[in-house]
Amino acid sequence: MLRQTVDMTDVLTVNGGQPLVGEITVRGAKNLVSKAMVAALLGEGVSRLRGVPEIADVRIVSGLLELHGVAVSAGDVDGELVFDPTNVERAHVADIDAHAGSSRIPILLCGPLLHRLGEAFIPDLGGCRIGERPINYHLDVLRQFGAVVDKRPEGLHIRAPQRLQGTRLELPYPSVGTTEQVLLTAVRAQGLTELRNAAIEPEIMDLIAVLQKMGAIISVDTDRVLRIEGVDALTGYTHRPINDRIEAGSWACAAFATQGDIYVKGASQPEMMTFLNVFRKIGGAFEVDDLGIRFWREGDAQRSLVLETDVHPGFMTDWQQPLVVALTQTSGLSIIHETVYENRLGFTQALNEMGATIALYRECLGGLACRFGQRNFLHSAVVPGPTKLHAAQITVPDLRGGFSYLIAALAAEGSSRVHGVDLIYRGYERFQDKLDALGAQYAIE
Ligand code: EPU
């Protein structure tokens, strides 16, 4: 089995109050890399993915592919993984379950496995604790392609009694994962698939680029419509993914919150336009060059703002948590309306224990009514600032919340203990090396 060097440490003691200054590098986007790895299952030849970050999610997907008979190895180029799907085979659901842990990637194996083996058996799915995160859209679209879904106590058994058929689909919400499900299934289904209300995140566009390299025919039309003409066979691919815009935005927020100055090599302006506008509005400064973006905080005149998270091209929900830490350092009242996940503001409780005074509301504050309004979801926040953060004992709740706690601890005066930092390795490559490069003061317990 492929081994990547991801060193795990559970508790960090962070001595905060120092600006983070220096240069770090971001590589392939977590939320594209894992999907491109799954796409390799569809090819009849070897696929090569470059610039793959050393994160726990990559290890999990490598293991899942290996359980299904795909040979995964390191390539010659830096950060290259090579996938050989010649001997794809069935895996035991218990092994998938044990290996996947809380990852939601197994659901995306369904389309490729239905094409290759006629069936897929996947466990119940986890993911970050940021909301219910159901898979009903995924199962609905698979059924519309002609798959039969059988819910069993040990998991879901999904089979294709005959070749899957292209179909007309419309999503109730532009779900990223379901759009990927449709793409990974429709490319080898018989005939044309039309998907309305599709997600159009840059990572989706990059997955389409991967599939096109493999021989797929996919058009991206106006108003969130994708059209996919199924083909009989696909080849392998060679691809260098877009870089991780969530990680880049997270480090930008760290520069802001600690009054530091961070050059993020690999950060790319086109995918970060929305983030950069918000960063500038709150008093952040940035400079774009050919290789990356430098982020720092401009003077003392930081401003609060009203912000809604949304699907692309809106402000990503994954940037929200690090941004909230930055907002605790701006002057005035900021309002955040989280419209993608119903439960992605719980992490603010620990920030309040560090001196912030964030209040959560069930109402849709500051913008349009969303799916979560007038229900029992605390999905709007009022963030007053500036507040002086002080050290605390905190436990990482989820991936992005965890990184945000790290930022808060780095910004706070004194010595904080951050528990459960392993979770951060799911999506932040070698973050301790990066903290070292930025002069952070911390100790591993
Ligand atoms: N939804 C349903 N039913 C479904 C699928 C989704 O109700 O069957 C709902 C979800 O509960 C949520 C909304 O639709 O309220 C959007 O979910 P989506 O399917 O778009 O999210 P995802 O594909 O599960 C990916 C990323 C997330 C990122 C979201 C939104 C990966 C592996 N995960 O999740 O990333 O927040 O899209 O952009 O690509 C992260 O990186 O930390 C992370 C959570």
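**A walk from a loop to the ligand**

Let's start with Pro386, which sits in the loop between strand 20 (380-385) and strand 21 (393-395); strands (E, at least two residues) and helices (H or I, at least four) are DSSP runs numbered from the N terminus. This is a predicted model, in which local features need pLDDT of at least 70 and side-chain atom pairs need 80 or more, while totals for chains, interfaces and linings use all residues. Residues are numbered from 1 along each chain as its sequence is written, and side-chain values use heavy atoms, leaving out hydrogens and water.

What kind of peptide bond joins Gly385 and Pro386? The bond is cis, with omega at about 0 degrees.

Asp223, although not a glycine, has a positive phi of about 60 degrees; you will find Asp223 between strand 11 (217-221) and strand 12 (225-229). Gln374, also not a glycine, has a positive phi of about 55 degrees, in the loop between strand 19 (359-361) and strand 20. Asp223 counts as exposed because its relative accessibility is 70%, and Gln374 counts as exposed at 74% (exposed means over 50% relative accessible area, buried under 20%, partly exposed in between, with a 1.4 Å probe and protein chains only).

Now for some buried spots. Thr193 belongs to strand 10 (residues 192-196) and counts as buried because its relative accessibility is 0%. Its side chain reaches the backbone nitrogen of Thr167 at 3.3 Å. Glu203, in helix 7 (residues 202-213), counts as buried at 6%. The side chain of Glu203 makes a polar contact with that of Arg245 at 2.8 Å (a pair of N or O atoms within 3.5 Å; within protein, one must be able to donate a hydrogen and the other to accept it, and sequence neighbours count only if both atoms are side-chain atoms). Helix 6 is largely enclosed by the rest of the structure, because ten of its eleven residues are buried. Among them are Gly177, Glu180 and Leu183.

Which of the 24 residues around the ligand come nearest? They are Lys35, Asn136, Ser175, Val176 and Val340; to be near, a residue needs a heavy atom within 4 Å.

By type, the shell holds nine nonpolar, seven polar and eight charged residues (nonpolar: Ala, Val, Leu, Ile, Met, Phe, Trp, Tyr, Cys and Pro; charged: Asp, Glu, Lys and Arg; polar: the others, Gly among them).

One lies 2.6 Å from an N or O atom in the side chain of Ser175. For the side chain of Asn31, the distance from an N or O atom to a ligand oxygen is 3.1 Å, and a polar side-chain atom of Lys30 also lies 3.1 Å from an oxygen atom of the ligand.
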